[in-house]
Amino acid sequence: QPLVGLVGWRGMVGSVLMDRMQAEGDFGLIEPMFFSTSNAGGKAPAMAKNETALKDAYDIESLKKCDIVITAQGGDYTTEVFPKLRAAGWNGHWIDAASTLRMKDDAIIILDPVNLPVIQNALNKGGKNWIGGNCTVSCMLMGVGALYKAGLVEWMTSMTYQAASGGGAQHMRELLTQFGTINSEVKALLDDPKSAILEIDRKVLHKQQNLSAAETANFGAPLGGSLIPWIDKDLGIGAASHDDADWGVSKEEWKGGAETNKILGQGAGFGTAATPVDGFCVRVGAMRCHSQALTFKLKKNVPVADIEALIAADNAWVKVVPNTREATVKDLTPVTVTGTMNIPVGRIRKLAMGPEYVGAFTIGDQLLWGAAEPLRRMLRILLD
Ligand code: HSE
């Protein structure tokens, strides 16, 4: 059985990955070698077979023994270890959740239900570097990839509602702490049905505006009962070069355009992309599902029923939610989707701008399709 090195398996994405690998029987097909950045020599988890002691995740000689390395350790680890491992002559497959290598020419962004032909083509040419996409992009393409595959999309905007988990485990804790602090502030008034709502509102606002530094350390601003319309760095670039007024693209927004095009195998530009994709990325108080409101300009007028049929037939996980209030409220929320592999797409309708303009709303668990699942599916492709 191929020796598969697992790095970062204890973190949030790594733990979800381990759960999915166990659920799908992946460990039956590999000889796992568990690595640790902090506890080399410790006991490997129960899935270990012959290699029962944790190896040092910085030890190139141990890593070199692996046929495949899968890492959810994060970008800093990749930056430090990957070049050394390749420089040491290692020729195995590197499967990574971090963005570090994503846009390199010799890396493929893996999302096989959407781009298996791109992956197969790279495999045939000797490709070795397989990188999971940005969570928002992967969840979006799992939902509406069919429209891209059918060549129907002239451009798309994505307005996102991104969960706390996208920032990391500490961000999820911080969101809940903020909710708790705010609730405690007005608990007595809430319990009294005769209390005045504007007094509650005033106290809530005062608390939100005066959260301690510790309570906003991760997001840098209150998120509970609010939102933050900027995710990740300011890239200091604009979407198009013709007008200096268009500076101010966040890195998360840039990924939407650059990665979508790269996943589809049509280059990786942003302002110059084959299919322009742009919009605003917003952090909201959801736990681990990223939601997105999409606007498409299609290349032609396609009936809604045909659009729905294309989307529904694309893969085993996408589910078209009828565009009714009842179905939307029941089946198209982060709470419904969290912890499942389902990618619902709803609110599909023509927009007022004209028959080629189509709106849709989609949701995905950003730890599953957004992070862990494409990695383990790439492993299975390599094992086939
Ligand atoms: N950048 C994403 C977010 C995380 O902050 O939500 C996963 O790529």
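Residues are numbered from 1 along each chain as its sequence is written, and side-chain values use heavy atoms, with hydrogens and water left out. Because the model is predicted, local features need pLDDT of at least 70 and side-chain atom pairs count only at pLDDT 80 or more, whereas totals for chains, interfaces and linings use all residues.

Helix 5 covers residues 135-149, and at 1.5 Å a residue its 15 residues should span 21 Å, which agrees with the 20 Å between its end C-alpha atoms; the expected span is 1.5 Å times one less than the number of residues. Of its 15 residues, 14 are buried, so helix 5 is largely enclosed by the rest of the structure; buried means under 20% relative accessible area, exposed over 50%, and partly exposed in between, with a 1.4 Å probe and protein chains only.

Helix 3, residues 75-87, can be read in the same way: its 13 residues should span 18 Å at 1.5 Å a residue, and its end C-alpha atoms are 18 Å apart, in agreement. A kink of about 30° lies at Val 81, shortly before the proline Pro 83. Val 81 also belongs to the buried residues of helix 3, together with Tyr 77, Thr 78, Phe 82 and Leu 85. Arg 86 makes a side-chain polar contact of 2.6 Å with Asn 129; such a contact is a pair of N or O atoms within 3.5 Å, and within protein one must be able to donate a hydrogen and the other to accept it, with residues adjacent in sequence counted only if both atoms are side-chain atoms. Asn 129 is found in strand 7, residues 129-132, and is buried at a relative accessible area of 5%.

Two sets of annotated positions come next. In an unreviewed entry, UniProt places the feature "binding site" at Arg 10, Gly 11, Met 12, Val 13, Gln 73, Ser 165, Gly 166 and Gln 366; the positions are given in the numbering used here, feature names are shortened, and annotations may be inferred rather than shown by experiment. Of these residues, the lining of the largest pocket includes Gly 11, Met 12, Val 13, Gln 73, Ser 165, Gly 166 and Gln 366. On a 1 Å grid over the protein atoms alone, a pocket is an open set of points where a 1.4 Å probe fits, with protein on both sides within 12 Å along at least five of seven lines, and lining residues have an atom within 4 Å of a point. Gly 166 is found in the loop between strand 8 and helix 6 (169-191) and is partly exposed, with a relative accessible area of 38%.

The annotation "binding site", again from an unreviewed UniProt entry, also covers Arg 102 and Lys 255. They span 154 residues in sequence, yet no two of their C-alpha atoms are more than 10.1 Å apart, so they gather at one spot. The lining of the largest pocket includes both Arg 102 and Lys 255. Arg 102 is found in the loop between strand 5 (93-96) and strand 6 (107-110), and is buried at 5% relative accessible area.

A search of the whole structure finds nine aromatic pairs, counted when the ring centres of Phe, Tyr or Trp (its six-membered ring) lie within 6.5 Å, with planes under 30 degrees apart taken as stacked, over 60 as edge-to-face and the rest as tilted. Tyr 161 and Phe 361 form a tilted pair, 5.6 Å centre to centre with 45° between the planes. This pair links distant parts of the chain, 200 residues apart, from strand 8 (residues 153-161) to strand 13 (residues 357-365).

Terms used
Helices (H or I, at least four residues) and strands (E, at least two) are DSSP runs, numbered from the N terminus. The bend at a residue is the angle between axes fitted to the seven residues ending there and the seven starting there.
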